[in-house]
Amino acid sequence: MRQIHIRNGSIFGPLRYISAAFESSPDSPEIRLTAVKRPVRTRLSPEARRAQLLECAIAAFAEHGLGRATHSHVAKRAGVSVPAVHSYFRTRDDLVTAVLDEVAAFLLKLNAETLSNSQLSVREALELLATRFAREALEKPDIIKVWLDWSTGVRADVWPRYMAVLDRLHGIAQKVFARGKREGVLSPDLNPKAAARVYLGAAHMVALMQFSGSGPSARELDTVIAHIVTGAMNMGREPAG
């Protein structure tokens, strides 16, 4: 028996390969054909392809950093050519902008969904945000790692934009502290803007804990979050004794 492979094209479908197995004898030649279809690559819609490339870009920036990640890193992760990435993000600035937009949108949504929820008490809102952020650091580590890199990248190309996002985050947190003052659950001497800065600043500590080797135990993390929230609820009060 011997086999040959015949490439067969058809206007009715994609190209495929046909494997022809020949069994013959002097009296009775026999040919058996077995069609072996080549896998057809799924073509993504432009929207789906952009979303895929953006996800790969976030992962690449988390691994290589805001200052070093390139279109080539994204292409390698997505399994596409470098020109394919350029067709969606023409320049490196476009790529950086898209990644930072996604990170900023994630953080703003997370903060707004918890701290702006009037159905929660002030303490509940502060606890929920801290808990959710700790969980997101494990479930979406690439986004949080890019945020950490961005938050320390005091460079002219990205720093002003980070400060603008941080100002919006502070504005969201400031409102919940101002609500606490109105409801009488926080000190009347509390400065809501300063409180927002202190409270959100603890996010770096929580993220670093989650990324430190095996990470903290659940009990240790719960204790840290409890201290963060208790400290926030007591800001502006004179120490006892």
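User: Which residues does R179 touch, not counting residues up to four places away in sequence?
Analyst: R179 touches N117, S118, L120, S121 and V122, where contact means heavy atoms within 4.5 Å. This is a predicted model, in which local features need pLDDT of at least 70 and side-chain atom pairs count only at pLDDT 80 or more, while totals for chains, interfaces and linings use all residues. Residues are numbered from 1 along each chain as its sequence is written, and side-chain values use heavy atoms, with hydrogens and water left out.

User: Is R179 buried or exposed?
Analyst: R179 counts as buried because its relative accessibility is 14%. Buried means under 20% relative accessible area, exposed over 50%, and partly exposed in between (1.4 Å probe, protein chains only).

User: What lies 3.0 Å from a polar atom of its side chain?
Analyst: The backbone oxygen of L120 lies at that distance from the side chain of R179. A polar contact is a pair of N or O atoms within 3.5 Å; within protein, one must be able to donate a hydrogen and the other to accept it, and residues adjacent in sequence count only if both atoms are side-chain atoms.

User: Where is R179 placed?
Analyst: R179 is in helix α7. Helices (H or I, at least four residues) and strands (E, at least two) are DSSP runs, numbered from the N terminus.

User: How many helices and strands does the protein chain have?
Analyst: The chain has nine helices and three strands.

User: Changing topic: which residues of α8 are buried?
Analyst: They are P192, A195, A196, Y199, L200, A202, A203, V206, A207, M209 and Q210. These residues are on the same side of α8, because they cover an arc of only 155 degrees around the axis. The arc is that of the directions from the helix axis to the C-beta atoms.

User: What do they pack against?
Analyst: The buried residues of α8 pack against α4, α5, α6, α7 and α9. The face turned away from the buried side carries the exposed residues V198 and L208.

User: And what does Y199 touch?
Analyst: Leaving out residues up to four places away in sequence, Y199 touches A125, L126, L129, A130, F177, I228 and A232.

User: Which members of the largest nonpolar core touch the most other members?
Analyst: Of its 69 residues, these are L126, F133, W147, W150, F177 and Y199. A nonpolar core is a set of buried Ala, Val, Leu, Ile, Met, Phe, Trp, Tyr and Cys residues joined through side-chain atoms within 4.5 Å.

User: Where does the largest share of this core come from?
Analyst: Helix α4 supplies the largest share, 12 residues.
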